[in-house]
Amino acid sequence: MDLAIDAPTPAAPDCADDGTWLACIECDETFAPFEAVRYTCDECDGLLEVRYDDPPTFDDFGSGAASEGPDRGVWRYREALPFDLGVTLPEGGTPLHTVPRIEEAVGVETLRVKHEGMNPTGSFKDRGMTVGVRVAEELGVGALACASTGNTSAALAAYGGRGGMETLVLLPKGKVAAGKIAQASLHGARILEVDGNFDACLDIVQELAARGEAYLLNSLNPFRLEGQKTIGFEILEEFRDDYGTFPDRIVLPVGNAGNTSALYKAFRELVQSGALDVDEVPKLTGVQAEGAAPMVEAIEEGNDEVRRWEEVETRATAIRIGNPVNAPKALPGIRNTGGTAVAVSDDEITDAQRDLAEEGVGVEPASAASLAGLRKLRREGVVEDDEQVVCLTTGHLLKDPDAAYEAGSDPEPVPNDVDAVVEHLRD
């Protein structure tokens, strides 16, 4: 399957449903989108991608549909999605912050921060779930499942609950922030803590899905990425409206590499429709923690595949992943846009988290990896001073309150007396 940035719009095969179908990125086999539950190719087990025979332009977005869907958020982009409307809370329409002090310190022409932590459950995962749960309804399944480092479980539980479905989440024991477990629990998910890391959880839940126990809604599911690609549409529209151009580079954290894959798909579809020139496509730049950096290793070594890291560790729990399942889609996305990937230390991530918070942008540690990576690439001269850059932050500060507390300043005890408080402040 051709994943080139300038690949032409594919012709719809006979199995297409209203111009939509599934295609294997390895062997080109095609499948009807909703006739059966399917996560990977029946022929070669390769990753599947949702395809359309008539990708929309910017002018088509929000132009109206039978559902009279919203003109903001994920479903503004219904012309680029399998349905006109899904199970919605609603999601998307997140802010593109200015951060003037960080912009000046980093030394780029423009720096904006796309804060996905402002979605209903506090992370970008809501974008994927609004589409994924709608597909589950179409397929007639009643139970949903995922492996998670925390954010996926919260989103699955909320959207599954909204859709009236049972939800099951598998978490690595002792490795998920308490705020995320609390969300999944309160939204009604059944939570299983596995004695292993995220990748072990994903292995188990994939087998459960293969046995028909539940519908898998990790980013291995191609419909999840359809919702997430709307991040790319929003960034381009918002940036164009503010500057009359598109950003040169988008820097984003990488865990399972779903967002990298999704944004690249969004850009390819816009190129296919003629809405975006190839030379206008932003450079996709991935950032991982040093203790969990298999994508960075593959990019630096020029490998076509990612080597699975059996042992991973970082305080950025949301990207503590050693085997990114979307690597076959994400590696071409980085390379074909002229981007790169970089690993940063936990201390660099925490410094970036503090600095974003001082600008009023509260994010969990994994989110701050994007800014930490941009700083490192500026120091190394990879990012030029005349670049216009967007950093993607993926989860809210309150997703991991313990990490936020450790990164912040300590409370100062004072006596119950005004004069004593004044004296303390002066000292």
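This report looks at the pockets of a predicted model and at one of its sheets.

## Ground rules

Residues are numbered from 1 along each chain as its sequence is written. Because the model is predicted, local features need pLDDT of at least 70 and side-chain atom pairs pLDDT 80 or more, while totals for chains, interfaces and linings use all residues.

## The largest pocket

The largest pocket holds about 440 Å³ of space. (A pocket here is an open set of points on a 1 Å grid over the protein atoms alone, where a 1.4 Å probe fits, with protein on both sides within 12 Å along at least five of seven lines; lining residues have an atom within 4 Å of a point. Volume is the space filled by probe spheres set on the points, which are joined across faces, edges and corners.)

Its lining runs to 23 residues, with Leu47, Gln206, Leu220, Asn323 and Val325 nearest the centre. Helix 5 (198-210) is the top contributor to that lining, with 6 residues.

Six strands make an open sheet with mixed pairing, in the order 4-5-13-10-11-12. (Two strands pair if DSSP finds at least two bridges between them.) Strand 4 (96-98) and strand 12 (341-344) are the edges, each with a single partner, so one side of each has no neighbour in the sheet. Strand 11 (residues 283-289) runs parallel to strand 12, joined by 4 bridges, and Ala289 stands opposite Val344 in strand 12.

Note on methods:
Side-chain values use heavy atoms; hydrogens and water are left out. Helices (H or I, at least four residues) and strands (E, at least two) are DSSP runs, numbered from the N terminus.
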